[in-house]
Every structure is written in C-alpha cells, then in structure tokens.
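Here is a friendly walk through a model of two chains, written for someone who likes to know the cut-offs behind each number. The sequence and structure come first, and the notes follow.

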Amino acid sequence: MVRVDGGGNGSSLVRVRGLDKKYRRGSEDIHVLQGLNLDVDAGDFVAFMGPSGSGKTTMLNLLGGLDLPTAGTITVAGDEITHLSGSKLTQWRARHVGFVFQMYNLIPVLTAFQNVELPLLLTKLSKAERRKHVEIAMEVVGLKDRMHHYPRQLSGGQEQRVGIARAIVADPTFLLCDEPTGDLDRKSADEIMDLIDRLVREHGKTVLLVTHDPVAAERAHVVLHLNKGVLFEGQAAGDKAGAR
Amino acid sequence: MKYSALIFSSLFRKKIRTVLTIGSFAVALFLFGLLAVVRGAFNQGVDVAGADRLVVINKVSIIQPLPIAYKERLLRIPGIKEVTHANWFGGVYQDERNFFGQFAIDDATYRPMFPEFVIPDDQWTAYLNDREGAVVGADLVKRFKWKLGDRIPIKGTIFQGTWDFNIRGIYQGKRVQDDTTQFWFHYKYLEERENPFWKGLIGWYTVRVANPDDSARVARQIDETFANSPWETKTDTEKAFAASFAKQAGNIQFLILSIGAVVFFTLLLVTGNTMAIAVRERVRDLAVLKAVGFSDVFVLTLVLAESMLIAALGGALGLAGAKLLTLGGDPTHGMLPFFYLSPATTVQGFGLALIVGVVAGLLPALSAMNLNVVDALRRV
C-alpha cells in the first residue's frame with residue numbers, strides 16, 4: 001500500500017516523514033522538496049512523474065542515501081538513514097539499494113560480467129559464488145550469452161539490462177530507477193519495462209521509478225506526481241498542462 | 001585479488017597515455033640506474049676503504065714521493081700496527097686505451113695490509129721467487145685473456161723503457177665491489193732498475209691503526225712528526241683519501257644528485273598531471289562505484305594503486321634496462337672498474353619510483369575521494 005498522507009503504519013518498507021530539501025544557489029534558496037510524506041510496502045512498484053525540476057531525482061537520491069535532506073526522516077526496513085554518517089550510509093547503500101540510471105553508467109573498460117560483479121566485490125562471497133550470482137542476474141535480464149562483452153559492444157537496451165543486472169545482483173531491499181527508459185527507443189523501452197515488471201511480479205522486488213514516460217509509468221501499481229516539491233496521488237495540475 | 005580487474009582495466013582506458021607514462025618512469029629509472037652506477041664507480045674506493053687504514057702522501061701532491069726511510073719512523077708512532085708502501089707506475093700495455101693501475105708494492109707488507117685481496121699461497125710464493133713477477137687482478141686477466149706464466153710487456157711513461165713482467169699470481173676480491181683490475185709487481189725491481197733519482201723513494205704509505213677511533217690523533221701525529229722536513233706529509237683515512245681522489249673528477253655526487261632531482265621532479269609533474277586527467281575523465285565511473293557502495297577510502301586507494309602500478313611497471317622496466325646495460329661491466333676499459341648496479345641500488349630505485357607514484361597520485365586520489373556522487377552523476 002502506497003500513501004503520501006503520512007498515515008501509513010509502521011510496517012512500511014520505506015517510510016518518509018516531513019522530507020525537506022533546500023539548495024542555495026547564489027543568494028537564492030531553492031526549496032526542492034517540501035515536507036514530503038511517503039509510505040511504500042515491500043513488493044510495491046511506484047512511479048514518480050512530474051515536470052523537469054520538480055525534484056524527482058532529488059527525492060530518489062535522498063531515498064537512495066546519495067544525498068542528505070535539509071529536514072525530515074527516511075526509514076528503510078526499520079533503519080533511519082537520515083542521520084547516518086557518510087561511511088555508514090555507503091555501507092547501507094551497498095546492502096539495501098540497487099540503482100538503475102538513465103545513462104546506464106556502466107564502466108566502459110569492464111565487461112558486462114565485471115560490471116555486474118561490482119556490488120558483489122563488497123561482500124564476502126567467494127569468486128565461485130560471485131560468478132554464480134552474476135550468471136543468475138545475467139540470465140534474469142536475458143544476457144547470459146553477452147557476459148563477456150564490453151558495454152561498447154552492446155546496444156542501448158542491452159546496456160540498460162546489464163545496468164539492471166548490476167542493480168539486482170546483490171539482492172537489494174529496493175530498486176531505484178531514474179528514467180531507465182529515457183535514453184531508449186520505444187521498443188527497447190518496452191523491453192526494459194517488461195523486465196522491471198517481471199522483477200516485481202516474479203521476484204517480489206520493490207521498485208521506485210522516476211519517469212517522464214506515461215507508458216512506462218502505466219506499468220507501476222501506483223503513479224505519484226511531484227510538482228513544485230509536493231507529492232500528489234493522481235495527476236497534478238502541472239502534469240495535466242504538460243500532457244495537453 | 002578481487003579488485004585487480006578494477007585497477008588493471010583503468011590502465012587500458014587510454015593505452016597510449018598509459019604506455020607513455022610508464023615509458024617516462026622507465027626512462028627516469030633507467031637514468032637513475034646509470035647515474036647510480038657511475039656514482040658507485042667513482043666512489044668505489046670510498047665504499048671499500050678499510051676503516052682502520054690511513055694513507056700518508058706527500059703534502060705537496062700525491063705525485064710527489066716520500067722517503068722509504070719514513071717506514072721505520074711511522075712504525076714508532078704509538079697506535080700504528082702496520083705500514084706498507086706503493087708506487088704508481090703509470091705504464092701502457094700495448095695501447096693507451098688499455099688503462100689499468102700498476103703498482104710497485106712492498107712484498108713483505110702489502111698482502112697483509114689488504115686482506116680483501118685473496119691470492120693462493122703457491123702463486124704468492126712463485127711471485128716472490130721471480131724478480132720480474134707480477135700479481136694481477138682477476139678482472140684484468142679476464143679482460144686481456146691472460147694466464148699464469150704469460151709475459152707482459154709494459155711501456156713506462158714515468159719510468160722509462162719497456163718493462164717485462166711474468167704473471168705469477170692472480171688475486172680475487174672478497175667482495176663484489178673490490179677492485180680486481182690492479183697490476184702489482186716488486187718495488188725492489190723498480191728500485192733496482194730505475195735511475196738513482198728514484199732510489200729510496202716511494203709513492204705513498206698505507207698504515208693500519210690499532211684502534212680506528214684513534215685515527216684522527218694518529219694522522220695528526222704523523223703529519224706533526226714530518227712537519228718542517230723536506231718531505232712533509234698529509235695523512236687521511238683511506239675513505240677520505242678515496243673520496244678526495246674521486247672528487248678530482250669534479251663533484252660527481254652533486255652532479256648526479258642534481259640531475260636525479262630534476263628528472264624525478266619532472267616525472268612527478270608528468271605523472272601527477274596524467275593521473276589528474278585520468279581521474280577527471282572518469283568522474284562518472286568513480287561516482288557509480290561510490291553509489292554502488294564502495295567507500296571513499298576505497299576510491300582513494302584505487303587511484304593510488306593505479307598510480308603506483310604505473311610507477312612499478314615503469315620503474316621495473318627502467319631498472320631492468322640499466323641492469324642489462326651494465327652487465328657488460330666497465331665501458332671505459334679500466335677507468336671505472338666497479339661498474340655495477342647493485343641489488344641495494346635497484347631496491348632504492350624501485351622504492352623511489354613507488355614514492356613518486358604515491359605522491360603523484362595523491363592529489364587526484366584525494367579529489368576522487370571527495371567526489372560528490374550526486375554532482376558527478378549529473379555531469380554528462
């Protein structure tokens with residue numbers, strides 16, 4: 001059950017309360033997020049939409065522990081992450097978060113296998129165990145036969161699948177996908193969304209997705225809209241204007 | 001090591017740049033190796049000098065002689081255990097390019113004074129029994145393909161005429177750096193054959209003191225003993241004597257240190273710049289590593305490891321090149337008999353390369369460590 005009114009019970013996987021984020025640009029304060037509340041349960045698939053600059057990526061960065069809020073709290077699986085030190089937050093990210101980026105962000109000098117293996121290097125798994133995990137992840141994304149290809153030898157869609165394999169290989173608590181289809185053609189985008197959909201349905205993954213693409217957002221259980229730093233259920237006024 | 005792919009793969013991101021940076025390390029360390037060899041060659045006498053030996057020369061200059069009568073007077077000075085003497089012969093064997101040192105030695109005292117030179121007893125006896133006998137160093141034998149019994153003509157320059165010698169002994173050095181390119185013969189032969197001017201004169205004395213800590217006092221007392229005589233002396237430890245002898249060729253040590261410092265400073269700038277560019281080019285990759293959960297310290301270590309790997313590869317290549325070049329020994333045919341890259345110098349050079357690698361990588365590594373993930377991921 002996804003809620004944005006702050007009324008969720010304590011059993012939510014992701015619990016956000018009064019989340020504020022301000023940036024200072026010159027002498028001007030930019031209030032990107034204003035008192036956001038959010039409750040997401042395990043296995044939920046939530047899409048966040050909103051115009052550019054509405055704070056979607058900022059919110060995702062905060063949920064993923066890449067950035068710290070100005071005020072408010074984020075609790076994930078019982079851990080409040082907003083007061084963790086930099087190094088603790090890094091460890092927390094390694095254990096709980098799988099990131100999928102718009103630009104894939106694969107390391108070009110590593111093979112697909114090596115890219116996917118990266119999060120496992122932080123674990124105590126043996127080489128054989130790491131190999132097994134990577135093979136499973138690559139099989140899930142349908143690229144087991146491309147494991148030893150370099151990113152430049154893959155299409156955009158395939159690169160993004162490798163990105164997804166990297167995100168799921170360590171079995172994180174949830175996936176944060178920032179415009180994962182933003183750089184793909186329709187067909188590849190649909191394939192990626194099929195894959196994410198399957199991860200939710202068949203593997204019980206919790207997915208928080210930021211997208212501009214209404215077709216992609218339709219796959220989510222719930223679509224939330226962010227406008228001027230405020231989160232809405234249903235379509236916000238700004239989005240309607242954008243849609244017209 | 002599970003992170004090796006991460007470290008090595010970065011080197012192949014820009015292959016030409018990596019090769020050139022490794023090359024600059026290799027050239028610098030090759031130069032370091034050669035300079036160290038040349039420095040070692042000039043200082044060889046200093047390095048092997050006996051701690052308990054003093055050298056007594058004519059106060060005017062080493063080419064001025066001293067009376068042989070000083071030997072007994074030296075032995076009477078408290079603290080002196082042994083005295084020997086030698087003369088520089090300065091002859092030419094076949095061609096002036098075939099340079100090596102020839103010394104007319106005092107048979108009774110020279111061998112015990114320099115125990116680092118080892119001669120079989122039977123060869124020494126054969127030498128003593130032959131008026132024209134000579135003892136030669138093993139390197140010299142190798143260089144001219146001599147053997148025991150060969151008759152060697154040496155054309156005198158200070159002492160006129162052609163002098164024939166019979167090789168009766170071959171000495172070895174106890175240590176690798178001992179000079180085995182010398183040619184010894186009887187002082188008595190020189191004295192008997194040379195004109196009367198040289199009778200009773202020798203080139204220099206070497207004395208052994210009972211207590212090396214007493215060397216300064218003994219040296220002072222020797223010079224005071226012969227002060228205000230026609231043959232005043234100048235006494236130094238063998239080490240100081242060898243060092244001042246080496247300095248006659250100029251301040252090699254300073255020259256080598258200056259060249260070395262400039263080379264390594266330039267290398268530091270080149271590598272530092274290369275690493276800074278390498279880090280700037282993959283800000284996104286480093287940000288991804290951090291996002292995935294790699295710590296700031298890991299990212300710092302990764303960049304430092306890359307820098308050190310470049311340094312290690314280049315350093316090893318350069319030092320191997322220097323070692324190969326010096327394997328052939330003295331290229332001057334006798335001027336620098338100890339032309340050798342020692343293991344200690346190799347380790348020193350390699351350590352120096354690693355230090356340059358760390359220092360050059362430090363600033364880029366710190367900037368990578370302090371990278372803000374959110375900002376870095378926004379950059380296109």
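Predicted model: local features only at pLDDT ≥ 70, side-chain atom pairs only at ≥ 80, totals over all residues.

## Chain A at a glance

Chain A holds 8 helices and 10 strands; here helices (H or I, at least four residues) and strands (E, at least two) are DSSP runs, numbered from the N terminus. Its radius of gyration is 18 Å, close to the 18 Å that the globule rule gives for 244 residues, so chain A is as compact as a globular protein of that length. That radius is taken over C-alpha atoms, and the globule rule is 2.2 Å times the number of residues to the power 0.38. Along the principal axes, the C-alpha atoms of chain A fill a box of roughly 50 × 45 × 40 Å.

Buried residues account for 48% of the 244 in chain A. A residue is buried if 20 or more other C-beta atoms lie within 10 Å of its own, exposed if 12 or fewer, and partly exposed in between, with C-beta atoms placed from the backbone. Of the contacts in chain A with a separation of 6 or more, 70% are between residues 24 or more positions apart; two residues are in contact if their C-beta atoms, placed from the backbone, lie within 7 Å.

Residues are numbered from 1 along each chain as its sequence is written, chains are lettered from A, and ligands are numbered from 1 in the order in which they are written.

The predictor's confidence in each residue, pLDDT, runs from 0 to 100. Its mean is 90 for chain A, where 95% of residues reach 70 or more, and 88 for chain B, where 94% do. One stretch to treat with care is residues 236-244 of chain A, where pLDDT stays under 50 and the model has 10 contacts beyond four places in sequence. For the complex, the predictor gives an ipTM of 0.89 and a pTM of 0.72.

## A sheet in chain A

In chain A, 4 strands make an open antiparallel sheet in the order β2-β1-β4-β5. Two strands pair if DSSP finds at least two bridges between them. At the edges are β2 (28-40) and β5 (79-80) of chain A, each pairing on one side only.

Strand β1 (residues 14-25) of chain A pairs with β2(A) in the antiparallel sense over 9 bridges. In this pairing A:Val14 stands opposite A:Val40 in β2(A).

Chain B has 15 helices and 12 strands. Its radius of gyration is 29 Å, well over the 21 Å that the globule rule gives for 380 residues, so chain B is more spread out than a compact globule. The C-alpha trace of chain B spans about 95 × 45 × 30 Å along its principal axes. Of its 380 residues, 37% count as buried, and 82% of the contacts between residues at least 6 apart in sequence join residues at least 24 apart.

Strand β1 (residues 53-58) of chain B has two antiparallel partners to look at: 4 bridges join it to strand β11 (residues 204-209) of chain B, and 5 bridges join it to strand β12 (residues 233-237) of chain B. B:Leu54 stands opposite B:Val207 in β11(B), while the bridge partner of B:Val55 in β12(B) is B:Asp236.

B:Gln348 is partly exposed, with 15 other C-beta atoms within 10 Å. Its C-alpha atom is separated by 9.9 Å from that of B:Phe32, 316 residues apart along the chain.

## Nonpolar cores

A nonpolar core is a set of buried Ala, Val, Leu, Ile, Met, Phe, Trp, Tyr and Cys residues joined through C-beta atoms within 7 Å. The largest one has 120 residues, and A:Val46 and A:Ala165 touch the most other members. Helix α2 (residues 15-42) of chain B supplies the largest share of this core, 13 residues. Apart from it lies another core, of 41 residues, among them B:Val55, B:Ala86, B:Ile170 and B:Tyr171.

Leaving aside neighbours within four places in sequence, A:Ala165 is in contact with A:Val116, A:Ala137, A:Met138, A:Val140, A:Val141 and A:Leu143.

## Where the chains meet

At the interface, 18 residues of chain A are in contact with 18 residues of chain B. Helix α2 (residues 86-96) of chain A gives the most to its chain's side, with 5 residues.

By class, the side of chain A that touches chain B has 10 nonpolar, 6 polar and 2 charged residues. Ala, Val, Leu, Ile, Met, Phe, Trp, Tyr, Cys and Pro count as nonpolar, Asp, Glu, Lys and Arg as charged, and the others, Gly among them, as polar.
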